[in-house]
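Subject: Structure handover

Hello,

Please find the structure below, with the sequence alongside. My notes on what was found follow it.

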Amino acid sequence: MDGIKKPVNNSLQRRLSIWLSIAILGMAIIAGIWSYYSAFNDAHDFQDDVLRQIAIMFDQDNLVSAADTDDSEEADPEDKFYVQLLSGPTTLIDAATAKNYLAFPSNLVDGFQTITIKNKTYRVFVKPINKIQRLAVAQETEVRDEIAQWSSVRALIPLLILVPILLFGVAHLVRTLFKSVADVTHEIDGRGEHEFHPILRNDLPVEIKPFIDAINRLLGRVEQAMDTQRRFVADAAHELRSPLTAL
């Protein structure tokens, strides 16, 4: 068993495959984390732009009363936005159904901010309408985070599909690169005891060619030694033939 385990542990092909796989997985993890948070932040930026666009669409002349809004159906949480006039007569509008009412504080600063009302967190954008009134547009941060997380997961799907394919491709590539070495091994093992012709090195990697050249030189020296031995045996047999003939 020890003799079997040692060649496997010392396999250059196996070690190369393992280290390449580790490098690919490491880069994939780094790229995945970066892609996830990048998509997460981009989704939040897009949602902030939606709040800004809603605020631009509303002005003092087209604000509708909450009492005039249809609330017969429950709104999709992803489509639920809250609009409220600040620093003046308070008019609260749910941009989806106007079913729920929130009391936003009137001391909000202009721009984006995050506030908590009744144990719920909202992302709010405040836009001045005139010198007296300002408009606040808000959405629940829980809904925003859920949308952003789904966007981040969708951004990771191509990476999760490509990494296994890349690992398989690396393993196949390593096996293909070492196939020429395996072919040389089989060719040498199939030789007879008197076959000392050089090993062909045309299709071998550059790193292996010096090793093959050394083996070819060794085969040349072995062939030369075998020729010397055969000549010695032939000469010895010739020298012994004359005395035997005389006897």
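In these notes a residue is called buried under 20% relative accessible area, exposed over 50% and partly exposed in between, computed with a 1.4 Å probe and the protein chains only.

Two points on the source. This is a predicted model, in which local features need pLDDT of at least 70 and side-chain atom pairs count only at pLDDT 80 or more, while totals for chains, interfaces and linings use all residues. Residues are numbered from 1 along each chain as its sequence is written, and side-chain values use heavy atoms, with hydrogens and water left out.

Overall layout

The protein has five helices and five strands, in the order α-α-β-β-β-β-β-α-α-α from the N terminus. Helices (H or I, at least four residues) and strands (E, at least two) are DSSP runs, numbered from the N terminus. Of the 247 residues in the protein, 27% are buried. The exposed surface comes to about 17,000 Å², of which carbon and sulfur atoms supply 62%; these areas are from the Shrake-Rupley method with a 1.4 Å probe, and for residues only the protein chains shown count as cover. A contact means heavy atoms within 4.5 Å. Among contacts with a separation of 6 or more, 54% join residues 24 or more positions apart.

Strand E1

E1 covers residues 82-86, and five of the five are buried, so the strand is largely enclosed by the rest of the structure. Tyr82, Gln84 and Leu86 point one way from E1, while Val83 and Leu85 point the other way. E1 pairs with strand E5 (residues 134-140) in the antiparallel sense, over five bridges; pairing requires that DSSP finds at least two bridges between the strands. Within this pair, Val83 stands opposite Val137 of E5.

The loop between E3 and E4

Lys118 lies in the loop between strand E3 (111-117) and strand E4 (120-128), and Asn119 is in the loop between E3 and E4 as well. Most residues other than glycine have a negative phi. Lys118, not a glycine, has a positive phi of about 55 degrees, and Asn119, also not a glycine, has a positive phi of about 65 degrees. Lys118 is exposed, at a relative accessible area of 74%, and Asn119 is exposed at 79%.

Two buried helix residues

Ser152 belongs to helix H3 (residues 141-177) and counts as buried, with 0% relative accessibility. Leaving out residues up to four places away in sequence, Ser152 touches Tyr36, Ala39 and Phe40. Asn216 sits in helix H5 (residues 209-246) and is buried at 16% relative accessible area.

The largest pocket

Ile199 is also one of the residues lining the largest pocket. A pocket here is an open set of points on a 1 Å grid over the protein atoms alone, where a 1.4 Å probe fits, with protein on both sides within 12 Å along at least five of seven lines; lining residues have an atom within 4 Å of a point. The space in the largest pocket is about 190 Å³. Its lining has four nonpolar, two polar and five charged residues. Asp, Glu, Lys and Arg count as charged, Ala, Val, Leu, Ile, Met, Phe, Trp, Tyr, Cys and Pro as nonpolar, and the others, Gly among them, as polar. Besides Ile199, the lining includes Asp183, Glu187, Arg191, Arg201 and Asp203.

Regards

Methods: Points joined across faces, edges and corners; volume = space filled by probe spheres on them.
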